[in-house]
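Please look over the sequence and the model below before reading on. The text then goes through the structure part by part.

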Amino acid sequence: MNITIYQINESRDENRVMFQSLAKLARFQGSTEIDSRIYDKVFSGEVPSQDLEQVYQIFNLNHPKEYRGRSLSVSDVVEILDDESGKSTFYFCDSFGFAKVDFHPEVCPALEQASGKIRVLLVEPGKVPRMIEIDETLQAMQAVVEGDIEEYMPFEDEVALICNEEGKVNGMKLNRAIYSDDGKHQMLDIIAGKFFLCYAPYDAERFQSLPDDLAQKYEKRFRNPERFIQQNGGIVAVPIKPASKEQAR
(Lines give C-alpha, C1' and ligand atoms only; values in the text may rest on other atoms or scores of the structure.)
Protein backbone atom coordinates (compact mmCIF):
# COMPACT_ATOMS: atom_id res chain seq x y z
CA MET A 1 0.00 0.00 0.00
CA ASN A 2 1.09 3.55 -0.72
CA ILE A 3 0.29 5.57 2.39
CA THR A 4 0.97 8.84 4.16
CA ILE A 5 0.58 9.31 7.91
CA TYR A 6 -0.38 12.59 9.58
CA GLN A 7 -0.13 13.28 13.31
CA ILE A 8 -1.21 16.23 15.43
CA ASN A 9 1.52 18.67 16.40
CA GLU A 10 1.09 19.42 20.11
CA SER A 11 2.25 23.02 19.71
CA ARG A 12 -0.68 23.76 17.34
CA ASP A 13 -3.25 21.67 19.20
CA GLU A 14 -5.04 24.54 20.96
CA ASN A 15 -8.20 22.51 21.61
CA ARG A 16 -6.29 19.51 23.00
CA VAL A 17 -7.76 16.98 20.59
CA MET A 18 -4.59 14.88 20.30
CA PHE A 19 -5.43 11.23 21.16
CA GLN A 20 -9.16 12.05 21.33
CA SER A 21 -11.67 9.89 19.48
CA LEU A 22 -13.77 11.15 16.57
CA ALA A 23 -16.87 11.18 18.77
CA LYS A 24 -15.22 13.59 21.22
CA LEU A 25 -14.10 16.21 18.69
CA ALA A 26 -17.31 18.23 18.95
CA ARG A 27 -16.94 18.53 22.71
CA PHE A 28 -13.32 19.68 22.53
CA GLN A 29 -13.36 21.94 19.47
CA GLY A 30 -17.04 22.62 18.79
CA SER A 31 -17.03 20.74 15.48
CA THR A 32 -16.66 17.18 14.22
CA GLU A 33 -14.52 18.31 11.28
CA ILE A 34 -10.84 17.38 11.20
CA ASP A 35 -8.61 20.46 11.44
CA SER A 36 -5.86 19.54 8.98
CA ARG A 37 -3.81 22.60 9.92
CA ILE A 38 -2.74 21.10 13.25
CA TYR A 39 -1.26 17.97 11.64
CA ASP A 40 2.29 17.17 10.50
CA LYS A 41 3.11 14.72 7.74
CA VAL A 42 5.35 12.15 9.45
CA PHE A 43 5.61 9.36 6.88
CA SER A 44 5.04 8.76 3.19
CA GLY A 45 5.85 5.60 1.25
CA GLU A 46 5.07 1.99 0.42
CA VAL A 47 4.36 -0.46 3.24
CA PRO A 48 3.89 -4.27 3.06
CA SER A 49 0.25 -4.31 4.12
CA GLN A 50 -3.15 -5.04 2.64
CA ASP A 51 -5.40 -3.13 5.02
CA LEU A 52 -5.42 -0.46 7.72
CA GLU A 53 -5.24 -2.92 10.59
CA GLN A 54 -1.92 -4.18 9.23
CA VAL A 55 -0.76 -0.57 8.89
CA TYR A 56 -1.65 -0.07 12.55
CA GLN A 57 0.40 -3.10 13.55
CA ILE A 58 3.43 -1.99 11.51
CA PHE A 59 3.48 1.52 12.96
CA ASN A 60 3.06 0.28 16.52
CA LEU A 61 5.24 -2.82 16.65
CA ASN A 62 7.76 -2.63 13.82
CA HIS A 63 8.45 0.95 12.75
CA PRO A 64 10.24 1.40 9.41
CA LYS A 65 13.78 2.70 9.99
CA GLU A 66 13.02 6.02 8.29
CA TYR A 67 9.89 6.62 10.38
CA ARG A 68 10.31 9.40 12.96
CA GLY A 69 6.76 9.88 14.20
CA ARG A 70 5.23 8.38 17.32
CA SER A 71 3.42 5.05 17.22
CA LEU A 72 0.14 5.18 15.31
CA SER A 73 -2.63 6.11 17.72
CA VAL A 74 -6.07 7.65 18.12
CA SER A 75 -6.45 10.98 16.25
CA ASP A 76 -3.84 10.13 13.59
CA VAL A 77 -4.89 10.24 9.93
CA VAL A 78 -3.78 7.73 7.29
CA GLU A 79 -3.95 8.59 3.61
CA ILE A 80 -4.21 5.71 1.12
CA LEU A 81 -3.23 6.51 -2.45
CA ASP A 82 -4.79 4.48 -5.25
CA ASP A 83 -1.88 4.05 -7.67
CA GLU A 84 -4.17 3.44 -10.64
CA SER A 85 -6.53 6.38 -10.24
CA GLY A 86 -4.14 8.69 -8.36
CA LYS A 87 -6.91 9.47 -5.89
CA SER A 88 -6.46 9.56 -2.12
CA THR A 89 -8.76 8.45 0.67
CA PHE A 90 -8.25 9.56 4.27
CA TYR A 91 -8.95 7.55 7.41
CA PHE A 92 -9.06 8.71 11.03
CA CYS A 93 -7.55 6.28 13.56
CA ASP A 94 -10.38 5.98 16.06
CA SER A 95 -10.76 4.23 19.41
CA PHE A 96 -11.96 1.19 17.49
CA GLY A 97 -10.91 0.85 13.88
CA PHE A 98 -10.68 3.60 11.28
CA ALA A 99 -13.26 6.09 10.02
CA LYS A 100 -13.25 7.71 6.57
CA VAL A 101 -12.91 11.50 6.86
CA ASP A 102 -12.33 14.65 4.84
CA PHE A 103 -8.76 15.89 5.11
CA HIS A 104 -6.63 18.56 3.43
CA PRO A 105 -2.97 17.49 3.28
CA GLU A 106 -1.89 20.59 1.37
CA VAL A 107 -1.96 22.62 4.62
CA CYS A 108 0.23 20.19 6.58
CA PRO A 109 3.94 20.96 7.15
CA ALA A 110 6.44 18.84 5.25
CA LEU A 111 7.79 15.56 6.56
CA GLU A 112 11.14 16.91 7.67
CA GLN A 113 9.49 19.39 10.04
CA ALA A 114 7.99 16.69 12.23
CA SER A 115 10.00 15.62 15.26
CA GLY A 116 10.34 12.14 16.71
CA LYS A 117 8.21 11.62 19.81
CA ILE A 118 7.04 8.62 21.77
CA ARG A 119 4.10 8.00 24.12
CA VAL A 120 5.02 6.59 27.51
CA LEU A 121 3.26 5.76 30.76
CA LEU A 122 4.45 8.12 33.50
CA VAL A 123 4.29 6.86 37.09
CA GLU A 124 4.86 9.40 39.88
CA PRO A 125 4.92 8.90 43.66
CA GLY A 126 1.48 9.40 45.17
CA LYS A 127 -0.29 9.75 41.82
CA VAL A 128 -2.11 7.52 39.35
CA PRO A 129 -0.23 6.74 36.11
CA ARG A 130 -0.88 8.82 32.98
CA MET A 131 0.15 8.70 29.35
CA ILE A 132 2.43 11.52 28.20
CA GLU A 133 4.32 12.31 25.02
CA ILE A 134 8.05 13.02 25.16
CA ASP A 135 10.78 13.74 22.65
CA GLU A 136 12.70 10.68 21.60
CA THR A 137 15.97 12.02 23.02
CA LEU A 138 18.16 11.17 25.98
CA GLN A 139 17.78 14.72 27.29
CA ALA A 140 13.98 14.46 27.33
CA MET A 141 14.09 11.13 29.16
CA GLN A 142 16.52 12.50 31.72
CA ALA A 143 14.22 15.46 32.30
CA VAL A 144 11.31 13.14 33.09
CA VAL A 145 13.20 11.10 35.72
CA GLU A 146 15.20 14.13 36.91
CA GLY A 147 18.65 12.64 36.36
CA ASP A 148 20.62 9.95 34.54
CA ILE A 149 18.39 7.17 33.29
CA GLU A 150 18.51 3.46 34.06
CA GLU A 151 16.73 0.82 31.96
CA TYR A 152 15.05 -1.97 33.93
CA MET A 153 13.18 -4.85 32.26
CA PRO A 154 11.68 -7.14 34.91
CA PHE A 155 8.47 -7.87 33.00
CA GLU A 156 7.38 -10.74 30.77
CA ASP A 157 6.48 -8.20 28.07
CA GLU A 158 8.98 -6.23 25.98
CA VAL A 159 8.44 -3.21 28.22
CA ALA A 160 11.23 -1.14 29.72
CA LEU A 161 10.97 0.77 32.98
CA ILE A 162 13.08 3.94 32.76
CA CYS A 163 14.00 5.46 36.12
CA ASN A 164 16.65 7.59 37.79
CA GLU A 165 19.67 5.34 38.30
CA GLU A 166 20.54 7.13 41.57
CA GLY A 167 17.00 7.63 42.83
CA LYS A 168 17.51 5.74 46.09
CA VAL A 169 20.99 7.12 46.67
CA ASN A 170 19.71 10.67 46.23
CA GLY A 171 16.84 10.09 48.65
CA MET A 172 14.03 10.43 46.12
CA LYS A 173 10.56 9.53 47.37
CA LEU A 174 9.75 5.83 47.10
CA ASN A 175 7.28 5.27 44.30
CA ARG A 176 6.16 1.72 43.44
CA ALA A 177 7.22 -1.82 44.22
CA ILE A 178 8.09 -4.21 41.39
CA TYR A 179 6.78 -7.75 41.73
CA SER A 180 7.66 -11.00 39.98
CA ASP A 181 5.59 -12.19 37.01
CA ASP A 182 5.69 -15.85 38.08
CA GLY A 183 2.40 -15.71 39.98
CA LYS A 184 4.08 -15.60 43.41
CA HIS A 185 3.86 -11.79 43.62
CA GLN A 186 7.29 -11.59 45.19
CA MET A 187 8.65 -8.07 45.68
CA LEU A 188 11.77 -7.68 43.54
CA ASP A 189 12.59 -4.02 44.00
CA ILE A 190 11.25 -0.60 44.93
CA ILE A 191 11.62 2.27 42.47
CA ALA A 192 12.44 5.69 43.91
CA GLY A 193 11.39 8.85 42.07
CA LYS A 194 9.45 9.23 38.85
CA PHE A 195 9.67 6.55 36.19
CA PHE A 196 8.07 5.80 32.86
CA LEU A 197 7.28 2.69 30.85
CA CYS A 198 7.94 2.41 27.13
CA TYR A 199 7.97 -0.30 24.47
CA ALA A 200 11.40 -1.91 24.02
CA PRO A 201 11.44 -4.75 21.45
CA TYR A 202 14.56 -6.86 21.91
CA ASP A 203 15.60 -6.37 18.28
CA ALA A 204 14.96 -2.61 18.23
CA GLU A 205 17.68 0.02 18.49
CA ARG A 206 15.56 2.60 20.31
CA PHE A 207 12.65 2.91 22.70
CA GLN A 208 9.19 3.11 21.15
CA SER A 209 5.71 4.25 22.11
CA LEU A 210 3.83 1.94 24.43
CA PRO A 211 1.10 0.14 22.43
CA ASP A 212 -2.44 0.69 23.65
CA ASP A 213 -2.89 -2.83 25.04
CA LEU A 214 0.31 -2.66 27.08
CA ALA A 215 -0.49 0.88 28.21
CA GLN A 216 -3.79 -0.36 29.62
CA LYS A 217 -2.16 -3.40 31.22
CA TYR A 218 0.52 -1.43 33.04
CA GLU A 219 -1.74 1.48 33.93
CA LYS A 220 -3.83 -1.08 35.79
CA ARG A 221 -0.73 -2.70 37.31
CA PHE A 222 0.59 0.58 38.74
CA ARG A 223 -2.76 2.30 39.27
CA ASN A 224 -2.58 2.41 43.08
CA PRO A 225 0.16 4.57 44.65
CA GLU A 226 1.97 2.88 47.54
CA ARG A 227 3.62 3.76 50.82
CA PHE A 228 6.23 1.51 52.37
CA ILE A 229 6.46 0.36 55.98
CA GLN A 230 8.74 -2.01 57.85
CA GLN A 231 6.95 -5.10 59.10
CA ASN A 232 8.22 -8.37 60.52
CA GLY A 233 11.77 -7.63 59.50
CA GLY A 234 10.85 -6.73 55.94
CA ILE A 235 9.27 -3.98 53.86
CA VAL A 236 5.60 -4.02 52.94
CA ALA A 237 3.91 -1.91 50.26
CA VAL A 238 0.52 -0.50 51.26
CA PRO A 239 -1.84 1.00 48.65
CA ILE A 240 -2.82 4.62 49.36
CA LYS A 241 -5.32 7.13 48.02
CA PRO A 242 -3.66 9.08 45.17
CA ALA A 243 -2.94 12.78 45.53
CA SER A 244 -4.24 13.37 42.02
CA LYS A 245 -6.74 11.62 39.79
CA GLU A 246 -5.35 13.17 36.64
CA GLN A 247 -5.04 10.53 33.96
CA ALA A 248 -4.31 10.86 30.26
CA ARG A 249 -6.18 8.74 27.82
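The model is a predicted one, and residue numbers count from 1 along the chain as its sequence is written.

Strand S1, residues 2-8, is joined to S2 by seven bridges, and the two strands run antiparallel. Within this pair, Asn2 is placed opposite Glu46 of S2. Further along the sheet order, strand S3 covers residues 77-81 and strand S4 covers residues 88-93. These two strands pair in the antiparallel sense over five bridges. Glu79 has Phe90 in S4 as its bridge partner. S3 and S4 make up a hairpin, with six residues between them. Gly86 lies in that turn and has a positive phi of about 75 degrees.

S4 is also joined to S5, by four bridges, and these strands run antiparallel. Here Cys93 stands opposite Phe98 in S5. S4 and S5 form a hairpin as well, with four residues between them. In this turn the residue with a positive phi is Gly97, at about 75 degrees.

The other sheet described here is also open, with five strands in the order S7-S6-S12-S9-S8 and antiparallel pairing. Which strands stand at the edges? They are S7, residues 130-135, and S8, residues 149-152; each of them has a single partner strand, so one side of each is left without a neighbour in the sheet. The twist in this sheet averages 35 degrees from one strand to the next. S8 is connected to strand S9, residues 159-164, by four bridges, and the two run antiparallel. In that pairing, Ile149 has Asn164 in S9 as its bridge partner.

Next come the contacts made by aromatic rings. With ring centres required to lie within 6.5 Å, the count comes to seven aromatic pairs. One aromatic cluster is formed by Tyr6, Tyr39, Phe90 and Phe103. Phe90 is the residue named above as the bridge partner of Glu79. A charged side chain also meets a ring: Arg119 lies over the face of Phe19, at 3.7 Å from the ring centre.

Rolling a probe the size of a water molecule over the atoms shows where empty space is left. How many cavities of 30 Å³ or more does the structure hold? There are two. The largest cavity contains about 50 Å³ of space. Its lining consists of Ile8, Val17, Leu25, Gln29, Glu33, Ile34, Asp35, Ile38, Tyr39, Ser75 and Phe92. By class, that lining has seven nonpolar, two polar and two charged residues. Tyr39 from this lining is also a member of the aromatic cluster.

The second largest cavity has a volume of about 40 Å³. Asn60, Ser71, Leu72, Ser73, Arg119, Ser209, Leu210, Pro211 and Asp212 line this cavity. The classes here are three nonpolar, four polar and two charged residues. Arg119 in this lining is also the residue that lies over the face of Phe19.

Definitions and conventions: This is a predicted model: local features need pLDDT of at least 70, side-chain atom pairs count only at pLDDT 80 or more; totals for chains, interfaces and linings use all residues. Side-chain values use heavy atoms; hydrogens and water are left out. Two strands pair if DSSP finds at least two bridges between them. On a 1 Å grid over the protein atoms alone, a cavity is a set of points where a 1.4 Å probe fits but cannot get out, and a pocket is an open set with protein on both sides within 12 Å along at least five of seven lines; lining residues have an atom within 4 Å of a point. Grid points are joined across faces, edges and corners, and a volume is the space filled by probe spheres set on the points. Ala, Val, Leu, Ile, Met, Phe, Trp, Tyr, Cys and Pro count as nonpolar, Asp, Glu, Lys and Arg as charged, and the others, Gly among them, as polar. Rings of Phe, Tyr and Trp (its six-membered ring) pair if their centres lie within 6.5 Å; planes under 30 degrees apart count as stacked, over 60 as edge-to-face and the rest as tilted. A charge sits over a ring if NZ of Lys or CZ of Arg is within 6 Å of the ring centre and within 35 degrees of the ring normal. Axes are lines fitted to C-alpha atoms, for helices over the stretch in contact, and angles run from 0 to 180 degrees between N-to-C directions.
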